Amino acid sequence: MKKYDYLIVGAGLFGSIFAYEANKRGKKVLVIDKREHIGGNVYCEKIEDINVHKYGAHIFHTSNIEVWKYINQFCEFNNYINSPIAKYKNEIYNLPFNMNTFNKLWGVISPREAKEKIKNQVIESGIKEAKNLEEQAISLVGKDIYEKLIKGYTEKQWGRSAKELPTFIIKRLPVRFTYDNNYFNDRYQGIPLGGYNVIFEKMLKNVELKLGIDFFENREELEKKADKIVFTGMIDQFYNYKYGILEYRSLRFESEVLNEENYQGNAVINYNEREIPYTRIIEHKHFEFGNQNKTVITREYPVEWKQGDEPYYPVNDEKNNRLYEKYKALTENESKIIFGGRLADYKYYDMHNVIAEALKKVKKEFGE
Ligand SMILES: Cc1cc2nc3c(=O)[nH]c(=O)nc-3n(C[C@H](O)[C@H](O)[C@H](O)COP(=O)(O)OP(=O)(O)OC[C@H]3O[C@@H](n4cnc5c(N)ncnc54)[C@H](O)[C@@H]3O)c2cc1C
């Protein structure tokens, strides 16, 4: 007799939902995480009474009513709308690319004028078949938007020139011909009242939890404890990197407490010129309309990933995807292990995608 029905590796969104649902069905569950906190990358650290998004800014958005209803049982959301701003040299532009952006760039007023401007720049470029990201972007939106709002940001993000980057990174560029600065097209959007940790505290309230435990450092002993394992860590590590290492892009965050009430007037400001090494500054209090006396800002620096660094963004190019498929084939022979979440699936998932995936796996496991 094993002590637990499920050992859940990872107290992030996927692991916590699975734990909550299994516990609800009377299963005995143990959740472990190698970090000292729950919530995975969604976790917030309280600094100066401000919820600081420790692993990057997180804005919840979805059009999936089931997902929205599901998450709302754990918290209420505020009415935050993500309207990031782009700073290029000393110019400020609204994002996503919309009529406000076009008006600032060219002084155009009507959608017809804006469309004409873009169309002419695309024609002027003469690009028929884009061979790299630079050509791809110019062939979609013309040179002005590319040079001010895409080039520097993308080059910083990927750590190389846009001319050396493949076209697949930018399949399309959303351009909106209305005066609408709402970044997302989704029906539901917001930040949980009281911060994201509230969700995880509720999900894991009745579940046994051990923090600061790395599955791989205690694998043999942990595997004996449970009938089944839910694994949300890195898939290549699970199989001891037998086919090779899956690559990621990483980030470095530098946070600062400032003795002023309002530093930049918006939660998210992108820094688009190449010369500034960070891609954006987050001022966390604006996610929750905070009016504390102080403020906390975080500069976000993209960095090359090497083994041991935080794996933030999977590099879903052909080479890595092929490698992932080999690992995935191994998972199909496992009857006692359930894989899920961004690291096990080697996929960039937004939170709503993870919730939908977790609920799918829950349904498959418990058959309802
Ligand atoms: C910079 C950034 C910004 C983002 N912004 C948004 C946003 O605005 N909106 C949005 O919807 N989504 C956003 N996301 C995506 C969001 O973070 C993910 O969808 C979500 O965190 C994934 O949950 P998960 O459970 O799959 O993974 P994780 O949150 O990574 O959880 C996995 C957990 O497993 C633990 N773990 C891993 N290996 C082991 C091991 N060997 N032993 C023990 N524990 C282990 C980890 O410590 C971690 O806590 C963003 C992601 C990033 C990187």
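Proline 96 is placed in the loop between strand S7 (91–94) and helix H3 (99–106), where helices (H or I, at least four residues) and strands (E, at least two) are DSSP runs numbered from the N terminus. The peptide bond from leucine 95 to proline 96 is cis, with omega near -15°. The model is a predicted one: local features need pLDDT of at least 70, side-chain atom pairs count only at pLDDT 80 or more, and totals for chains, interfaces and linings use all residues. Residues are numbered from 1 along each chain as its sequence is written, and side-chain values use heavy atoms, with hydrogens and water left out.

**Backbone geometry**

- Most residues other than glycine have a negative phi, and most peptide bonds are trans.
- Tyrosine 241, which is not a glycine, has a positive phi of about 55°; its place is in the loop between helix H9 (235–238) and strand S11 (248–258).
- Tyrosine 241 is partly exposed, with a relative accessible area of 24%; buried means under 20%, exposed over 50%, and partly exposed in between (1.4 Å probe, protein chains only).
- Tyrosine 346 also has a positive phi, near 45°, and is found in the loop between strand S16 (337–339) and H11.
- With a relative accessible area of 1%, tyrosine 346 is buried.

**Ligand surroundings**

- The ligand has 31 residues around it, of which Asp33, His58, Arg342, Tyr349 and Met351 come nearest; a residue is near a molecule if one of its heavy atoms lies within 4 Å of it.
- By class, this shell has 17 nonpolar, eight polar and six charged residues. Ala, Val, Leu, Ile, Met, Phe, Trp, Tyr, Cys and Pro count as nonpolar, Asp, Glu, Lys and Arg as charged, and the others, Gly among them, as polar.
- An oxygen atom of the ligand lies 2.8 Å from a backbone N or O atom of isoleucine 59, and an oxygen atom of the ligand is 2.7 Å from a polar backbone atom of methionine 351.
- A nitrogen atom of the ligand lies 3.0 Å from a polar side-chain atom of aspartate 350.
- Taken alone the ligand exposes 1000 Å², and the protein buries 97% of that; accessible areas come from the Shrake-Rupley method with a 1.4 Å probe, and for residues only the protein chains shown count as cover.
- Helix H1 (13–24) and helix H11 (351–366) are the elements that give two or more residues to the shell around the ligand.

**Isoleucine 59 and glutamine 189**

- Isoleucine 59 is in the loop between strand S4 (50–53) and strand S5 (60–62) and counts as buried at 12% relative accessibility.
- Glutamine 189, in strand S8 (residues 188–190), is buried, with a relative accessible area of 10%.
- The side chains of glutamine 189 and asparagine 182 are joined by a polar contact of 3.1 Å. A polar contact is a pair of N or O atoms within 3.5 Å; within protein, one must be able to donate a hydrogen and the other to accept it, and residues adjacent in sequence count only if both atoms are side-chain atoms.
- A polar atom of the side chain of glutamine 189 also lies 2.7 Å from the backbone nitrogen of asparagine 82.

**Domains**

- The chain is divided into domain 1 (4–44 + 59–78 + 187–247 + 315–365) and domain 2 (94–169), with bounds from an automatic or database domain assignment.
- The C-alpha centres of domain 1 and domain 2 lie 37 Å apart.
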